Amino acid sequence: MVALSLKISIGNVVKTMQFEPSTMVYDACRIIRERIPEALAGPPSDFGLFLSDDDPKKGIWLEAGKALDYYMLRNGDTMEYKKKQRPLKIRMLDGTVKTIMVDDSKTVTDMLMTICARIGITNHDEYSLVRELMEEKKEEVTGTLRKDKTLLRDEKKMEKLKQKLHTDDELNWLDHGRTLREQGVEEHETLLLRRKFFYSDQNVDSRDPVQLNLLYVQARDDILNGSHPVSFDKACEFAGFQCQIQFGPHNEQKHKAGFLEHTRIVDR
């Protein structure tokens with residue numbers, strides 16, 4: 001079998017190496033570490049082989065369990081031996097932003113396991129990542145509600161309103177089966193962590209303050225922005241709950257008539 005000649009790039013160092021086409025990627029990485037001193041910069045599990053492309057979306061990480069000839073490499077191709085870890089900014093629904101190191105070679109499904117574990121969420125399979133909507137689109141949604149609030153009082157009209165409003169299905173959810181790179185997510189972007197699937201209330205741990213807060217904030221915001229239209233009576237009931245949460249029990253000395261007119265019910 002004819003050997004495959006590849007250029008291995010590690011930072012500013014480029015070495016030409018010969019491999020059998022049937023060599024597994026895992027073994028190729030081991031051979032690189034044995035022959036190139038610059039490849040010993042960290043734990044082997046943090047590094048991998050990357051085949052770049054002029055289009056960043058088309059660059060791919062080689063899977064450790066596959067052979068080099070699976071990728072139809074040609075003599076003279078350049079492979080990067082580099083860290084798979086990348087920082088990812090995650091915005092929580094309460095506005096906080098966390099930076100988490102993730103494996104760039106993993107699909108979103110695998111990344112969510114890491115992200116949720118770091119945050120303290122156990123039911124990772126119910127969460128997903130969203131590329132946030134532009135502000136003007138958000139304003140378009142809330143503006144529609146402001147112009148015709150009376151629609152919420154009529155159940156039939158409310159159903160028609162649902163069809164016009166942005167819903168969870170219209171959010172820019174990331175594809176769970178693809179990597180961030182394949183979806184063009186750059187390192188400077190901030191992704192929104194949001195609950196996408198509601199399998200069972202049993203998955204909500206009432207003793208978990210992180211999960212309860214995220215669920216509450218998401219439900220509150222979905223009602224406010226129109227993603228989850230509600231009847232007028234329900235809107236009044238939820239407004240009462242929000243007042244209780246934000247201002248505490250009614251205090252005659254403090255909560256006098258008209259005080260809400262100069263107060264933002266939700267500080268967002």
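Student: Why does Arg131 count as partly exposed?

Tutor: Its relative accessibility is 21%. Buried means under 20% relative accessible area, exposed means over 50%, and partly exposed is in between, with a 1.4 Å probe and protein chains only. At 21%, Arg131 therefore counts as partly exposed. This is a predicted model, in which local features need pLDDT of at least 70, side-chain atom pairs count only at pLDDT 80 or more, and totals for chains, interfaces and linings use all residues. Residues are numbered from 1 along each chain as its sequence is written, and side-chain values use heavy atoms, with hydrogens and water left out.

Student: What makes Glu189 and Arg131 a salt bridge?

Tutor: The closest N and O atoms of Glu189 and Arg131 are 2.5 Å apart. The criterion is a side-chain nitrogen of Lys or Arg within 4 Å of a carboxyl oxygen of Asp or Glu, and the pair forms a salt bridge. Glu189 is in the loop between β9 (172-173) and β10 (190-195), and Arg131 is in strand β8, 58 residues apart, a link between distant parts of the chain. The helices (H or I, at least four residues) and strands (E, at least two) are DSSP runs, numbered from the N terminus. Glu189 has 16% relative accessibility and therefore counts as buried.

Student: What parts does the salt bridge of Asp103 with Lys84 tie together?

Tutor: The closest N and O atoms of Asp103 and Lys84 are 3.9 Å apart, and the two form a salt bridge. Asp103 lies in strand β7 (residues 97-103) and Lys84 in the loop between β5 and β6 (85-91), so the pair ties together parts that are 19 residues apart in sequence. Asp103 and Lys84 are both buried.

Student: How many residues separate Glu237 and Lys234, and what is that in helical turns?

Tutor: Glu237 and Lys234 are three residues apart in helix α6, which means a separation of about one helical turn. An α-helix has 3.6 residues a turn, so residues three or four places apart point the same way. The closest N and O atoms of Glu237 and Lys234 are 3.4 Å apart, and the pair forms a salt bridge. Glu237 counts as partly exposed at 36%, and Lys234 is partly exposed at 39%. The structure holds 11 salt bridges, and a network of salt bridges links Asp27, Arg30 and Glu34.

Student: How do you know that the span of α6 agrees with its number of residues?

Tutor: The expected span is 1.5 Å times one less than the number of residues. For the 16 residues of α6 (residues 232-247) that should be 22 Å, and the end C-alpha atoms are 22 Å apart, which agrees. Gly248, with a positive phi near 80°, follows α6.

Student: What makes β1 and β2 a pair of strands?

Tutor: Two strands pair if DSSP finds at least two bridges between them. Seven bridges join β1 (residues 4-10) to β2 (residues 13-19), and the strands run antiparallel. Phe19 in β2 is the bridge partner of Leu4. Two residues stand between the strands of this hairpin, where Gly11 takes a positive phi near 65°.

Student: Which residues have the most contacts inside the largest nonpolar core?

Tutor: They are Ile8, Phe19, Ile32, Leu49 and Tyr81, in a core of 22 residues. A nonpolar core is a set of buried Ala, Val, Leu, Ile, Met, Phe, Trp, Tyr and Cys residues joined through side-chain atoms within 4.5 Å. β1, β2, α1 (25-35), β3 (47-51) and β5 (78-83) each supply at least two residues of this core, and α1 gives the most, with five. Apart from it lies another core of 20 residues, including Ile119, Tyr127, Leu174 and Leu180.

Student: Why is Leu73 called buried?

Tutor: Leu73 has 11% relative accessibility, and therefore counts as buried. Leu73 is placed in the loop between β4 (60-61) and β5. Leaving aside neighbours within four places in sequence, Leu73 is in contact (heavy atoms within 4.5 Å) with Leu4, Leu6, Leu51, Leu68 and Met79.

Student: Why does Asn123 get the label buried?

Tutor: The relative accessibility of Asn123 is 6%, so Asn123 counts as buried. Asn123 is found in the loop between α2 (108-119) and β8 (127-131).
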